[in-house]
Amino acid sequence: MLKKVFFCVLYFALLSPLTSVVAEEEEGQQAPDYQYFALSPDIITNYIKPGKRLGYVRLRVDLMVKSSSAYEQVEMNAPLIRDRIITIFGEQNESQIKSNTERDAIRQRCLTEVNDVLFEFIGTRPVENLLFTKYLDQ
């Protein structure tokens, strides 16, 4: 019985310094505080259809940012972001809007250009990802 108590005490004595070292290492690395900013209201814009007709697309766009300061920067520049996305969609034709693979290419282009335009104004690229959470085309 005395041996069991001794081994338990020894086990916990050796284990506690190791767990405190691991906890200190985790505290030293600050985990990103991901947040989502939803552009509101939805974006409704036109695109080019064959035969001089216009189609329209309705989008709900969510932007993933890494920190609360990046969230504030995106929030302050939301009109600029909306303008860039509307411009990109206005340049697309019907086949690009309706294709799933092209839709992802448009999403990647929106992400790149939004970060580029924000870099011009605030000096950082705060948007980690851009998601179309609603995508209706007609």
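**View 1. Ring pairs link Phe89, Phe132 and Tyr135 into a cluster.** In this predicted model, the pair formed by Phe89 and Tyr135 is tilted, with 6.2 Å from centre to centre and 50° between the planes. Phe89 belongs to helix α3 and Tyr135 to strand β4, so this pair ties together parts of the chain that are 46 residues apart in sequence. Are Phe89 and Tyr135 buried or exposed? Both Phe89 and Tyr135 are buried.

**View 2. Phe37 and Tyr71 form an edge-to-face aromatic pair.** By the pairing rule used here, the count of aromatic pairs in the model comes to four. In the pair of Phe37 and Tyr71, the ring centres are 5.4 Å apart and the planes make an angle of 80°, where an angle over 60 degrees counts as edge-to-face. Because Phe37 lies in strand β1 (residues 35-38) and Tyr71 in helix α2, the pair ties together parts that are 34 residues apart in sequence. Phe37 is buried, its relative accessible area being 9%, whereas Tyr71, at 24% relative accessibility, counts as partly exposed.

**View 3. The largest nonpolar core has 26 residues.** Which residues have the most contacts inside this core? They are Leu59, Val61, Ile85, Phe89 and Leu130. Two or more residues of the core are given by each of the strands β2 (43-49), β3 (53-65) and β4 (127-137), and likewise by each of the helices α2 (68-76), α3 (78-90) and α5 (100-122). With residues up to four places away in sequence not counted, Leu130 touches Val61, Asp62, Leu63 and Ile85, and also Arg107, Cys110, Leu111 and Val114.

View 4. A polar atom of the Asn115 side chain lies 2.9 Å from the backbone oxygen of Val127. Once neighbours within four places in sequence are left aside, the residues in contact with Asn115 are Thr124, Arg125, Pro126 and Val127.

**View 5. Arg125 lies over the face of Phe119.** Arg125 is placed at 4.3 Å from the centre of the Phe119 ring. Arg125 is also one of the residues in contact with Asn115.

**View 6. A cis peptide bond joins Ser40 and Pro41.** The omega angle of this bond is about 0°. Where is Pro41 found? Pro41 is found in the loop between β1 and β2.

View 7. From the N terminus on, the elements follow the order α-β-β-β-α-α-α-α-β. Of the 138 residues in the chain, 29% are buried. Among contacts between residues at least 6 apart in sequence, 68% join residues at least 24 apart. The accessible surface of the chain comes to about 9,200 Å², and 57% of this surface belongs to carbon and sulfur atoms.

How values were computed
Residues are numbered from 1 along each chain as its sequence is written. This is a predicted model: local features need pLDDT of at least 70, side-chain atom pairs count only at pLDDT 80 or more; totals for chains, interfaces and linings use all residues. Side-chain values use heavy atoms; hydrogens and water are left out. A nonpolar core is a set of buried Ala, Val, Leu, Ile, Met, Phe, Trp, Tyr and Cys residues joined through side-chain atoms within 4.5 Å. Buried means under 20% relative accessible area, exposed over 50%, partly exposed in between (1.4 Å probe, protein chains only). Helices (H or I, at least four residues) and strands (E, at least two) are DSSP runs, numbered from the N terminus. Contact means heavy atoms within 4.5 Å. Rings of Phe, Tyr and Trp (its six-membered ring) pair if their centres lie within 6.5 Å; planes under 30 degrees apart count as stacked, over 60 as edge-to-face and the rest as tilted. A charge sits over a ring if NZ of Lys or CZ of Arg is within 6 Å of the ring centre and within 35 degrees of the ring normal. Accessible areas come from the Shrake-Rupley method with a 1.4 Å probe; for residues, only the protein chains shown count as cover. A polar contact is a pair of N or O atoms within 3.5 Å; within protein, one must be able to donate a hydrogen and the other to accept it, and residues adjacent in sequence count only if both atoms are side-chain atoms.
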